[in-house]
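The sequence and structure are shown below.

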Amino acid sequence: MAAAGASGRGGLGRAWVFSGWALGLCSLLVSGTRPAAATTHWVVTEDGKIQQQVDSPMNLRNPHDLVILMRQETTVNYLKELEKQLVAQKIHIEENEDRDTGLEQRHNKEDPDCIKAKVPLGDLDLYDGTYITLESKDIRPEDYIDTKSPVPPDLQQPDCTKVLDLPYSIHAFQHLRGVQERVNLSAPLLPKEDPIFTYLSRRLGRSIEEIGHRIYDGLMKNSSSWVLYNMASFYWRIKNEPYQVVECAMRALHFSSRQNKDIALVNLANILHRAHFSADAAIVVHAALDYSDFFTSYYTLGNIYAMLGEYNHSVLCYDHALQAKPGFEQAVKRKHAVLCQQKLEQKLEAQHRSLQRTLNELKEYQKQHDHYLRQQDVLDKYKLIQEEQILRNIIHETQMAKEAQLGNHQICRLGNQQHSLHCQWDQPVRYHRGDIFENVEYVQFGEDSSTSSMTSVNLDLHANQSDHSQSLQSSPVARSVVSVWSVESNREKQHILWPHRSDCMKSFPKIPDPEELPTYFLPPESRGFRQVVQPILSIPRDTIGHAETQAPDCSSITDARNNESLNILIKELDSNLDLKFKMPDDQARQVLHSRINNQSITQAKIGAFLDHAMKKPEDPLWLVLNEAGLYWRAVGNSTFAITCLQKAFNLAPHEYQDIPLVNLANLLIHYGLHLDASRLLLKALAINASEPLTFLSLGNAYLALNNISGALQAFRHALDLTTKCSECESSLKMIRCLQFYPFLYNITTSVCSG
């Protein structure tokens, strides 16, 4: 075991040397069978030694601290999984990122509708002026004005508000906002090609001003003529005066017959549309559709809907206009331009959603990456710096060279057919690369038959056996490793090599499933409370009446103090659905009855007695609450059990708070919450590390989590304790089988993961 000794560099101590042995051999096997696997804590040097890597995260500043060691391994495994997630997340983001920067240009060049439209929709004049002529109604404008009489030098304009006061008309659409705000309507400059300039013919007058004067004369003579009011609207449209157009159109609507209202409606819609009241203009044009000229109304409505972004309605209106006037170039061009714009916006919206999703993923990736860096800082906080580890290696190599000269490494010999290994003492033994130990059935030290504290050991064929045997005769005899926890080994275990490989194959053919692992109860008697607990559990036969069945209620107990971290865990457990189900614990029930001096009493009466005991002022309350937690574990009510044990923890003196913590952890193990249980057990170890049951419980939790190296480490520390623990002996055989025949359970890779 010289290489195992080499692993404990710079003051690591013999306990760490032995506990690291299993990890070392397993890492050697992993590195040999899986070359592509992640870096492990152990490496094989060129001269065949197994030693730690210099930059391994398991090289701790305080290597004797078991709690930090186990946390470090958990953090390493967590960081590996987190790194895999980050890499996968980054690949996903890069694969799904939308990098198309020329989407709009390519769409305008390739889309069929864009090609037919020739220009984008934004370059078309969607305020294209439209009107319905009086001639379409078989009306001659010159019949309504005097075109032959001379005009005065001071020409008048057809101001419809001065001709007729129209306070309100149900025909004039005065409920529309655009009509109500007609005084403030904007007047964009009309393009020279607007068709309205060519409507009022020069036959009505030599100039537009003269035509306006003649319309004024006509209105003064007939103030109810809808024809003259429409002519006045046309006049004011040419003058680009939206307020006057609306006033004249309102009067034209008031006096028009039903079939003639569309002339004034289209005029009014054009003004509202140009003044950016397009929604009002659409309402007006829809009213015009009820009367006559379908082409003009649908074409105008198509322009309005295109401006509003209602592309489906716009295309439908252009289609109706083309049905009325097939091949009309402006309608065809606008229809394809609308379709082109609609598809472009759909693509841009899809791209925006994709980019927004990528942005959210990048934010989440950054958040996870920051969390990864924080965890890496936590890992480095306890890690030994590289320069100090190198110095420890040099010091230890020097010491190992001296020990080799003094012959401190014993020689072991293989028995018949290499099924047994015989060593004089439980001391380090050098081993070499390439040695195989699957056939070793048991290990024996001197005259004491037991299992070794190492996973496997080996011969050193190059040592001087005669010189070394003389040194062995003067070495102290190591204690039996089955005589632990102040429980003496029985005669069978002393005289028969125990356990045999075949015995392990029969008793434990595989690693026990999580639900098969035992749960424990940590009794306060192990800490000097026997004289206090016995009176609490002494139940006279006639104390509890037949009718009294009150169960212990711990929720009414007032806490002396609160532990913030434990309260957070309890709140998390409250949301766990598994704890809502009733799961009686048979092992807890057996312990409960074994602790009561009245074996004939029922479980319900035990609960009533504990409830009665909680109200007695002379008993330490936290001890009664601890027993109540055991009672509710036996009944299977996790909620009540957690409450009792939480209260016991808060009320117990600090040096005894590990007792309710261990019992609460075993409750969680019973419900399959092994990760939460391991956290509680680590807290308990920080308070008191002298209870074998705490380490055994932690080992069971790690076994259930498939953290084999952590489990074996916890079991090893349990074996090193001398505290009396009669409840622990039942687990000894399983521990020894896991430690000394790892090839039976294929755990060589699991031991060294991380």
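Which residues does Arg214 touch, not counting residues up to four places away in sequence? With contact meaning heavy atoms within 4.5 Å, Arg214 touches Ile145, Asp146, Thr147, Lys148, Ser149, Val151 and Leu204. The model is predicted: local features need pLDDT of at least 70 and side-chain atom pairs count only at pLDDT 80 or more, while totals for chains, interfaces and linings use all residues. Residues are numbered from 1 along each chain as its sequence is written, and side-chain values use heavy atoms, leaving out hydrogens and water.

Arg214 belongs to helix 8 (residues 208–221); helices are DSSP runs of H or I with at least four residues, numbered from the N terminus. Arg214 is buried, at a relative accessible area of 6%, where buried means under 20% with a 1.4 Å probe, protein chains only. A polar atom of the Arg214 side chain lies 2.9 Å from the backbone oxygen of Ser149.

Two separate nonpolar cores are listed here; a core is a set of buried Ala, Val, Leu, Ile, Met, Phe, Trp, Tyr and Cys residues joined through side-chain atoms within 4.5 Å.

| Core | Size | Residues include |
|---|---|---|
| Largest | 87 residues | Leu664, Leu680, Leu696, Leu698, Leu703, Phe715 |

Technical notes
Buried < 20%, exposed > 50% of the residue type's maximum accessible area, 1.4 Å probe, protein only. Helix = DSSP H or I, 4+ residues; strand = E, 2+ residues; numbered from the N terminus. Polar contact = N/O pair within 3.5 Å; in protein donor to acceptor, adjacent residues only side chain to side chain.
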